[in-house]
Amino acid sequence: MQKQILAALLGAALAMPLAAQAEGSYVKLGVGPSEYKSTTDSENKTAVALAYGFSVDKNVDVELGYAHLGKLKSFDGSASVQTQSIYIAGVGNLPLTDTFSVFGKVGLAVNHFD
């Protein structure tokens, strides 16, 4: 697991020099529900995500992010599980008009369950 996290961080470090060439950059914050399901019940927790993205050119962005999907505790408090993720993604933008565009995202995520 540590090798995967190290590889993701190394990839991000190698991608950061592209930011110097970027036309623009952005920071993205996301908050929303995450759902943990078992065979007997399910429970919703609050998920938080933070990402930094930068433009390589007018149609391609690179995004590096972190997501924490909440922590679930058992009813008696004896056990818990939490999920975290680090990702890097390429985002393609296709402008259809001056005010409307379509985008797609593909990437690699390293997930950690504790």
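A residue is called buried when its relative accessible area is under 20%, exposed when it is over 50%, and partly exposed in between (1.4 Å probe, protein chains only). The model is a predicted one, so local features need pLDDT of at least 70 and side-chain atom pairs count only at pLDDT 80 or more, while totals for chains, interfaces and linings use all residues. Residues are numbered from 1 along each chain as its sequence is written, and side-chain values use heavy atoms, with hydrogens and water left out.

As for the overall layout, the chain has one helix and five strands, and they come in the order α-β-β-β-β-β along the sequence. Helices (H or I, at least four residues) and strands (E, at least two) are DSSP runs, numbered from the N terminus. Of the 114 residues in the chain, 21% are buried. Among contacts (heavy atoms within 4.5 Å) with a separation of 6 or more, 47% are between residues 24 or more positions apart.

Back to Ser-55, which sits in strand β2 (residues 42-57). Its side chain makes a polar contact of 3.2 Å with the side chain of Asp-61. Such a contact is a pair of N or O atoms within 3.5 Å; within protein, one must be able to donate a hydrogen and the other to accept it, and residues adjacent in sequence count only if both atoms are side-chain atoms.
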